[in-house]
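Try each task before you read its solution.

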Amino acid sequence: MRSRTPEDLAGRCPRCFLPLLLCLCAELPSVPTRTELLIIRHHKETLKSTNTARMAALALPRCRIVSYGSPGQPFDASVLEDDGSTWLLFPDAQQLPGPEAPPPRRLIVLDGSWGQARRMVQRLPALRRLPGLKLPPPPPDSRRLRRPPHPDGMSTLEAMAGALAHLEGEDVARPLYELHERMIDRVLTSRGRQSFPSCDEDGED
């Protein structure tokens, strides 16, 4: 089954892009963070129902998404201007913050396939100048909506939760991990691969 939603969102929630009967909007947490989060999302991710960056932006008040690579719309690189307190969440970052470096005021997150994210870094010199935050690989039994190209791959929402756990603590990250699991449940249900959880089961996520 394709993961792209119809452009007119027929039968789908206009916020979370899930089928109306499986809408997650009423269960979205609101997670305050000290860190500002900027997601640079490849334009090919915009209409995918499996795009977890959309859920992250709905749950994080200090998060916004800007599109990259839209045909006929040059990317506004001014959003990458750094005052010395911005880090890049990327496993192949060219430089790491020093052990005494203060936590960043802002974290930039690349949303797309592995190849798309690498090309963003190659084509946007400002990204290569930023200190990079690398995360440990996820547990091998982690559930996935898409098969990652390598074992260390994880979804954007999952990576953002991991980054916030590192920067601000597990209590901040926990609602995002739980949201990630709920989204997986709903997408798999929409594909007919599992039944919709009961209220009791849903409450245990």
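Two strands pair if DSSP finds at least two bridges between them. Strands (E, at least two residues) and helices (H or I, at least four residues) are DSSP runs, numbered from the N terminus. The model is predicted, with local features needing pLDDT of at least 70 and side-chain atom pairs pLDDT 80 or more, while totals for chains, interfaces and linings use all residues. Residues are numbered from 1 along each chain as its sequence is written, and side-chain values use heavy atoms, leaving out hydrogens and water.

**Exercise 1. Work out the order of the strands in the sheet.**

Step 1: Start with strand β1 (residues 36-42), which runs parallel to β2 and is joined to it by six bridges. Ile-39, for example, has Ile-65 in β2 as its bridge partner.

**Exercise 2. Find which strands helix α1 (residues 52-59) touches, and its angle with β2.**

Step 1: Search for contacts, meaning heavy atoms within 4.5 Å. Helix α1 packs on the sheet and touches β1, β2 and β4.

Step 2: Compare directions, using axes fitted to C-alpha atoms (for helices over the stretch in contact) and angles from 0 to 180 degrees between N-to-C directions. The direction of α1 makes about 145° with that of β2.

**Exercise 3. Describe the lining of the largest pocket.**

Step 1: A pocket is an open set of points on a 1 Å grid over the protein atoms alone where a 1.4 Å probe fits, with protein on both sides within 12 Å along at least five of seven lines; lining residues have an atom within 4 Å of a point.

Step 2: Count the lining, which comes to 36 residues, with Gly-112, Gly-153, Met-154, Ser-155 and Thr-156 nearest the centre of the pocket.

Step 3: Assign elements. Two or more residues come from each of β4 (106-111), α2 (114-123) and α4 (156-168), and β4 gives the most, with three.

**Exercise 4. Is Ser-155 buried or exposed?**

Step 1: Locate Ser-155 in the loop between β5 (132-133) and α4.

Step 2: Apply the cut-offs for relative accessible area (1.4 Å probe, protein chains only): buried is under 20%, exposed over 50%, partly exposed in between. Ser-155 has 18% relative accessibility, so Ser-155 counts as buried.

Step 3: Check its partners. Leaving aside neighbours within four places in sequence, Ser-155 is in contact with Thr-52 and His-180.
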